[in-house]
Amino acid sequence: MLRWLIGGGREPQGLAEQSPLQTIGEEQTQNPYTELLVLKAHHDIVRFLVQLDDYRFASAGDDGIVVVWNAQTGEKLLELNGHTQKITAIITFPSLEAYEEKNQLILTASADRTVIVWDCDTGRQVQKVSCFQSTVKCLALLQRLDVWLSGGNDLCVWNRKLDLLCKTSHLSDTGISALIEIPKNCVVAAVGKELIIFRLVAPTEGSLGWDILQVKRLLDHQDNILSLVNVNDLSFVTGSHVGELIIWDILDWTVQACERNFWDPSPQLDTQQEIKLCQKPNDVSIHHFTWDEENVFVAVGRGLYVYNLQMKRVIACQKTAHDSNVLHVAKLPNRQLISCSEDGSVRIWELREKQQLAAEPVPTGFFNMWGFGRVNKQASHPVKKQQENATSCSLELIGDLIGHSSSVEMFLYFEDHGLVTCSADHLIILWKNGERESGLRSLKLFQKLEENGDLYLAV
């Protein structure tokens, strides 16, 4: 608990007074995750988790190893060895219906400039390609076209047999950091602070093979793009290092909405606050998004923000949700949210409707003419009033999962088996619903007694 007691002191003085870190006591009545299993197999930072099916997941990280786990029992099922350096990207690679073998496949990319296709049922290395000129930083599967993409200093298109179909010329030394598929056989690539739209041209009777064309460059961001996701059939969203959130039209690639003032919804920022933001730019970096039909949930620096897509504004926020930068956020059922941070914490939040207060009446008359009365009070706190009116919901802390000793990189949520987290402490933790696990143990005990006949003897 000491970390939470002193955590607020890390905030610059002006901002700490406005948004202190929320804490929660030992009695966490709304937190279901009261049991945990610690899984050990990695020897370095575990950065990636990917769900394989309803009961299995794979983990990967800086030791170059991929491990397949049982999410129900925590059992280590397979260890996949093939990379010599850290893994930089991982995606599932579903097999085609036409194939006789319908095993679960995954693709992994590494800093050793290789990509490997793995069979997660047998642990077999299906195929490997090692002709890359730079590290592959991201992977994307275009299932409708039955191809996959690799993004590094260039963009490459591959088929299932790992044949190179086409590629772009050298794009940038910084490389492609993220890729998503959009309609009309197009993809969006984040390259530094630019978005580049590419169109894939499939072979026809008149053409010999595949081609990839650069269609448009979008230069609306002022700094490097850290996050890029599809949110629905109409929009995709990007977030940058300096806290810019831009919502784009998925068909014509125009800006639908933009939010740049996450720390202060009002345009009135005093000079001192501006200086503080410049001194700590990481405080406003957008590291991750999640979304539902109504909202985009944004990890901004150490805070969490809920941006409503219809109203095009922030409707709830926790400016200091964690002691350090929030790295991953996910939506749960029942209007709940999970976030994890560089400070090693995992926190559960609930989005609640805020009761709207009536506006304070503005006094008139003699005293107001000389500056007395309530109008002065309003004038002295314009930013605070505007912030209160701007948010119509609140994010309430309902659970605090403390188990990791270092940065928590990401997590997976299984509806039936709990929550899985991975960390820079080389560990994976499987968080279990204590009430559910207790019920399952009781059921197994009764079944065992019934099998042995002890239950009837007891009765």
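Predicted model: local features only at pLDDT ≥ 70, side-chain atom pairs only at ≥ 80, totals over all residues.
Residues are numbered from 1 along each chain as its sequence is written. Local features required pLDDT of at least 70, side-chain atom pairs were counted only at pLDDT 80 or more, and totals for chains, interfaces and linings use all residues, while side-chain values rest on heavy atoms, with hydrogens and water left out.

The chain contains 8 helices and 32 strands, assigned as DSSP runs numbered from the N terminus (helices, H or I, at least four residues; strands, E, at least two). Of its 459 residues, 50% are buried; buried denotes under 20% relative accessible area, exposed over 50%, and partly exposed the range in between, for a 1.4 Å probe and protein chains only. The chain exposes about 22700 Å², with carbon and sulfur atoms supplying 50% of this area (Shrake-Rupley method, 1.4 Å probe; for residues, only the protein chains shown count as cover). Among contacts with a separation of 6 or more, 49% join residues 24 or more positions apart, a contact being heavy atoms within 4.5 Å.

The disulfide count is 0, where a disulfide is a pair of cysteine sulfur atoms within 2.5 Å. For Cys 131, the closest cysteine sulfur belongs to Cys 156 and lies 7.3 Å away, which is too far for a bond. Cys 131 is partly exposed, at 46% relative accessibility, whereas Cys 156 is buried, at 4% relative accessible area.

The model holds 5 aromatic pairs. Such pairs are rings of Phe, Tyr and Trp (its six-membered ring) with centres within 6.5 Å; planes under 30 degrees apart are stacked, over 60 edge-to-face, and the rest tilted. One of these pairs, Phe 57 with Phe 414, is tilted, at 6.2 Å centre to centre and 55° between the planes. Phe 57 is in strand E3 (residues 56–61) and Phe 414 in strand E30 (residues 408–414), so this pair ties together parts 357 residues apart in sequence. Both Phe 57 and Phe 414 are buried. The rings of Trp 148 and Trp 158 are stacked, because their centres are 5.4 Å apart and their planes are at 10°. Trp 148 belongs to strand E11 (residues 147–151) and Trp 158 to strand E12 (residues 155–158), 10 residues apart. Trp 148 is buried at 0% relative accessibility, and Trp 158 is likewise buried, at 1%.

Ring pairs also join Phe 57, Trp 69 and Phe 414 into a cluster. Elsewhere, Arg 160 lies over the face of Phe 93, at 4.7 Å from the ring centre; this assignment requires NZ of Lys or CZ of Arg within 6 Å of the ring centre and within 35 degrees of the ring normal.
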